[in-house]
Amino acid sequence: MKVTVVGAGAVGASCAEYIAMKNFASDVILLDIKEGFAEGKAMDLMQTASLNAFDTRITGTTGDYSKTANSDVAVITSGIPRKPGMTREELIGINAGIVKDVATNLIKHSPNVIIIVVSNPMDTMAYLVHKATGLPKNQIIGMGGALDSARFKYRLAEALECPISDVDGMVIGGHSDTGMIPLTRLATRNSVLASEFLAEDRLNQVLEDTKVGGATLTKLLGTSAWYAPGAAVSGMVQAIACDQKKMFPCSVLLEGEYGLEDICIGVPVLLGKNGIEKIVTIELSDAEKAKMQESADAVRKTNGLLEF
């Protein structure tokens, strides 16, 4: 199993670290355009191998896509990070060109690669990869929902004052502060609805705190978060590499599912050796359907700024 991570910044390096520590991949290639940066990150990570007991080989390279040849999975984290006060949508002009170039170079050397898109605005970047590469829809996956759901569970456990292993919940819709839809109606604590434990106003506060999860961290850190995004990607890569058929909400190309066409947006899917093994349809309430349509409209508006 060979995994390429493009972009050796905080998110990319964190992703490579988590993948290596889980010890399911034989090789991780870390690629960046900054001279020596990926090589340095790879060397630093490899010097933790004996300490963290992993045998995965991490190799860094400066812009040499031939080193990525025959990758099974590739993760695109390239692009500028979000700055305080900047929305994900404002990143599109710069990041679209970067992501298109990266995706094109990846498939030159790995035509069957499964691509996980992390770069923001993520739903639009995943859609761009579809249009730029023509890969089958099962091979292009946007990461956002896995991260947003992890943040949702964190807020749920905080509100419930319980171990995070007790809670389950999912976020669908667009990967943006206004577009994401935390499904509070379906959130549970050990199969008991969270609404049995939390008053409506407290559950609504969980929802609102989840929606601004990324912006909250950006304000505190001065840049985008990296631990949770890296962990979210590594979980998705592992599900594919180990053919786990594990369910994640991911941004995928819809062709009629959820009443939506020709758009990448977050819905639950099963991830396995073929990438997206199945898009899972869940019955939404009328209010959730309306929010999903509103979220899709916002994603389409951003997609309209793309130049193919």
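Student: Is Asn274 buried, partly exposed or exposed?
Tutor: Asn274 counts as partly exposed, because its relative accessibility is 37%. Please keep in mind that this is a predicted model.

Student: Where is Asn274 found?
Tutor: Asn274 is in the loop between E13 and strand E14, which covers 275-279.

Student: And which residues does Asn274 touch, leaving out those up to four places away in sequence?
Tutor: With those set aside, Asn274 touches Ile114 and Asn138.

Student: How many residues separate Asn274 from Ile240 in sequence, and what is the C-alpha distance?
Tutor: They are 34 residues apart in sequence, and their C-alpha atoms are 7.1 Å apart in space.

Student: Is Asp262 buried or partly exposed?
Tutor: Asp262 is partly exposed, because its relative accessible area is 36%. Lys245 has a positive phi as well, near 55°, and is likewise a residue other than glycine.

Student: Where is Lys245 found, then?
Tutor: Lys245 is found in the loop between helix H9 (227-241) and strand E12 (246-255). At 38% relative accessibility, Lys245 counts as partly exposed.

Student: Changing topic to peptide bonds: is the one from Asn120 to Pro121 cis or trans?
Tutor: The bond from Asn120 to Pro121 is cis, with omega near -5°. Most peptide bonds are trans.

Student: Where is Pro121 found?
Tutor: Pro121 is in the loop between strand E5 (114-117) and helix H5 (122-133).

Student: On to helix packing. At what angle do H4 and H5 pack?
Tutor: Helix H4, residues 92-109, packs with H5 at an angle of about 45°, and the two axes are 9 Å apart. That angle makes H4 oblique to H5.

Student: Is their crossing left-handed or right-handed?
Tutor: The crossing of H4 and H5 is right-handed.

Student: Which residues meet there?
Tutor: On the H4 side they are Ile92, Asn95, Ala96, Val99, Lys100, Ala103 and Ile107; these meet Thr124, Met125, Leu128, Val129, Ala132 and Thr133 in H5. By class, the contact of H4 with H5 has 9 nonpolar, 3 polar and 1 charged residues.

Student: At what angle do H6 and H9 pack?
Tutor: Helix H6, residues 144-160, and H9 pack at an angle of about 120°, with their axes 9 Å apart. H6 and H9 are therefore oblique to each other.

Student: Which residues make that contact?
Tutor: H6 contributes Ala146, Leu147 and Arg151, and H9 contributes Ala228, Pro229, Ala232 and Met236. By class, the contact of H6 with H9 has 6 nonpolar, no polar and 1 charged residues.

Student: Now some loop threonines. Where is Thr77?
Tutor: Thr77 is in the loop between strand E4 (73-76) and H4. At 16% relative accessibility, Thr77 counts as buried.

Student: Which backbone oxygen does the side chain of Thr77 reach at 2.9 Å?
Tutor: The side chain of Thr77 reaches the backbone oxygen of Val6.

Student: What does the side chain of Thr56 reach at 2.7 Å?
Tutor: The side chain of Thr56 reaches the backbone oxygen of Ala25. Leaving out residues up to four places away in sequence, Thr56 touches several others, among them Ala20, Asp27, Val28 and Met46.

Student: Finally, what about Ile58: buried or exposed?
Tutor: Ile58 is buried, with a relative accessible area of 6%, and is found in strand E3. Leaving out residues up to four places away in sequence, Ile58 touches Ala16, Ala20, Val28, Ala42, Leu45 and Met46. Ile58 and Asp27 are 31 residues apart in sequence and 6.0 Å apart in space, C-alpha to C-alpha.

Notes: Residues are numbered from 1 along each chain as its sequence is written. This is a predicted model: local features need pLDDT of at least 70, side-chain atom pairs count only at pLDDT 80 or more; totals for chains, interfaces and linings use all residues. Side-chain values use heavy atoms; hydrogens and water are left out. Helices (H or I, at least four residues) and strands (E, at least two) are DSSP runs, numbered from the N terminus. Buried means under 20% relative accessible area, exposed over 50%, partly exposed in between (1.4 Å probe, protein chains only). Axes are lines fitted to C-alpha atoms, for helices over the stretch in contact, and angles run from 0 to 180 degrees between N-to-C directions. Angles under 35 degrees count as roughly parallel, over 145 as roughly antiparallel, 65 to 115 as roughly perpendicular and the rest as oblique. A crossing is left-handed if the near helix is turned anticlockwise from the far one by less than a right angle, and right-handed if clockwise. Contact means heavy atoms within 4.5 Å. Ala, Val, Leu, Ile, Met, Phe, Trp, Tyr, Cys and Pro count as nonpolar, Asp, Glu, Lys and Arg as charged, and the others, Gly among them, as polar. A polar contact is a pair of N or O atoms within 3.5 Å; within protein, one must be able to donate a hydrogen and the other to accept it, and residues adjacent in sequence count only if both atoms are side-chain atoms.
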